[in-house]
Amino acid sequence: MNYDVLIIGAGPGGIFSAYELIKRSPDLKVGVLEAGYPLEKRKCPIDGKKIKTCINCKTCSIMSGFGGAGAFSDGKYNITNDFGGTLHEYIGKSTSIELMKYVDEINMLYGGEGTRLYSTAGSQFKKKCVQHGLHLLDASVRHLGTDINYVVLENLYAYLKDKVDFYFDTPVQTVRIIDGGYAAVCDACEYTCKKCIISVGRSGSKWMERVCGELDIPVSSNRVDIGVRVELPCEVFSHLTDELYESKIVYRTSKYGDKVRTFCMNPKGAVVNENTNGIITVNGHSYEDPAKQTENTNFALLVAKHFSEPFRDSNGYGESIARLSNMLGGGVIMQRFGDLIRGQRSTPSRIEESFMTPTLNATPGDLSLVLPKRILDGIIDMIYALDKIAPGTANDDTLLYGVEVKFYNMEVAVNNDLQTKYDGLYVIGDGSGITHSLSHASASGIYVARQITQ
Ligand SMILES: Cc1cc2nc3c(=O)[nH]c(=O)nc-3n(C[C@H](O)[C@H](O)[C@H](O)COP(=O)(O)OP(=O)(O)OC[C@H]3O[C@@H](n4cnc5c(N)ncnc54)[C@H](O)[C@@H]3O)c2cc1C
């Protein structure tokens, strides 16, 4: 065998598996196969001038490479079992929290020291939310910020690079079962190992589904979250973001009883494009460094869509809606809340006239031509509810970018060790469908590394 353990994917799941394997068993031969580039070579070509929209690079530098989808993220590590994944259902609630705290300690050791840990414990906003039909979820959140998150990744790579073999620009085509282990089949060669950890994240969702089909590993899925990214002047939410940084608020719509939630709040942040399998959707991030901050805050409002039999392709449904916005707007569409309510499209001049400057160069348009009525009604309902705890949310100039889609990977059948039906073949992180966040993905990496080295 080439390796004791091969890890496929160098996102947080893969990185923290490698870290813990080496820490607990320094003599283990560990290899990491990554489709994308090393951190310093990851560069999205969109510069806002020559290249304004996504050109569908062979490997997306936002989603792939050392650090995975999290590399240029806001670096918000939420320490909670309430959202971010269902890892606790496999490994237990206390272990899950303990591992997320351990990940936080590592992040502090590798450059995150001095960043703030926010908490909802004892917050006065819980009461205020409940009074208006809103529910504030419990969490502690470490905000590294895009800049410090990058520094932590640089430091982790510097620590790991002489102890682990990294292969970049090396997409694994498939995984084969061989005598005594596994072979990761790449374009030019194969690498063999005794144990294999698959951590391919969201960008590897289709790959994961195919490989599970080839290896006859059961998968299941029935959920996709669809919505918009809201951008408004940072003052509107500053009383919440100053105390909590990120508030995860859930609202049940009066008309349909659907749940709408806030997601990924970025005070003084920027709205960005996200490319998932060639479809352009929207996301957001913010910097810890005040010099890089903007005057706007952004967050997503998402409606969860669960499907029942016979429909099974929930991601396909989300993709179709995102494609529609890409078709109409050539990418992401933006619309002022006031225009949406008045039933008119936003135009470049209407955006120009508003009191807020958008942080993403998106196409002004009409989101009601893209989002299903039920979803749009829920979002509008929630914006009015949020206006009661953060007056100004429902202002005319509040910008909505669409669409934001949270694709959930197929949930791969694994046992409580996160091991498939094959001994020594583990699936972790967002690629497993079990985690959807930095902290849960990282914790799942630590967990399997401990299973392997115990
Ligand atoms: C813009 C943005 C902002 C975000 N902000 C936050 C945030 O603030 N907080 C939060 O909790 N979460 C955030 N997220 C989500 C978070 O980044 C993910 O939950 C997390 O990165 C998942 O980690 P992972 O290791 O499971 O997968 P990923 O980070 O997706 O890493 C998977 C890696 O596997 C590689 N790979 C895929 N297929 C193959 C293959 N066949 N062969 C070899 N390599 C392969 C990919 O190139 C990738 O590098 C954000 C995501 C984005 C895109």
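User: Taking axes as lines fitted to C-alpha atoms, for helices over the stretch in contact, with angles running from 0 to 180 degrees between N-to-C directions, at what angle do α1 and α12 pack?
Analyst: The angle is about 35 degrees, and the axes lie 7 Å apart. Helices are DSSP runs of H or I with at least four residues, numbered from the N terminus. The model is predicted: local features need pLDDT of at least 70, side-chain atom pairs count only at pLDDT 80 or more, and totals for chains, interfaces and linings use all residues. Residue numbers start from 1 along each chain as its sequence is written.

User: Which residues of α1 make that contact?
Analyst: P12, G13, G14, I15, F16, S17, E20, L21 and R24 do (C-beta atoms, placed from the backbone, within 7 Å). Among their partners on α12 are L438, A441, G445, V448 and I452.

User: Is α12 mostly covered or uncovered?
Analyst: Mostly covered, as 13 of its 16 residues are buried (20 or more other C-beta atoms within 10 Å; exposed is 12 or fewer, partly exposed in between).

User: Turning to D387, where does it lie?
Analyst: D387 belongs to helix α11, residues 373–389.

User: Why is D387 classed as partly exposed?
Analyst: Because D387 has 17 C-beta neighbours inside 10 Å.

User: And which residues does D387 touch?
Analyst: Leaving aside residues up to four places away in sequence, D387 touches T393 and A394. E295 is 92 residues from D387 in sequence and 19 Å away in space, C-alpha to C-alpha.

Key. Helices (H or I, at least four residues) and strands (E, at least two) are DSSP runs, numbered from the N terminus. Two residues are in contact if their C-beta atoms, placed from the backbone, lie within 7 Å.
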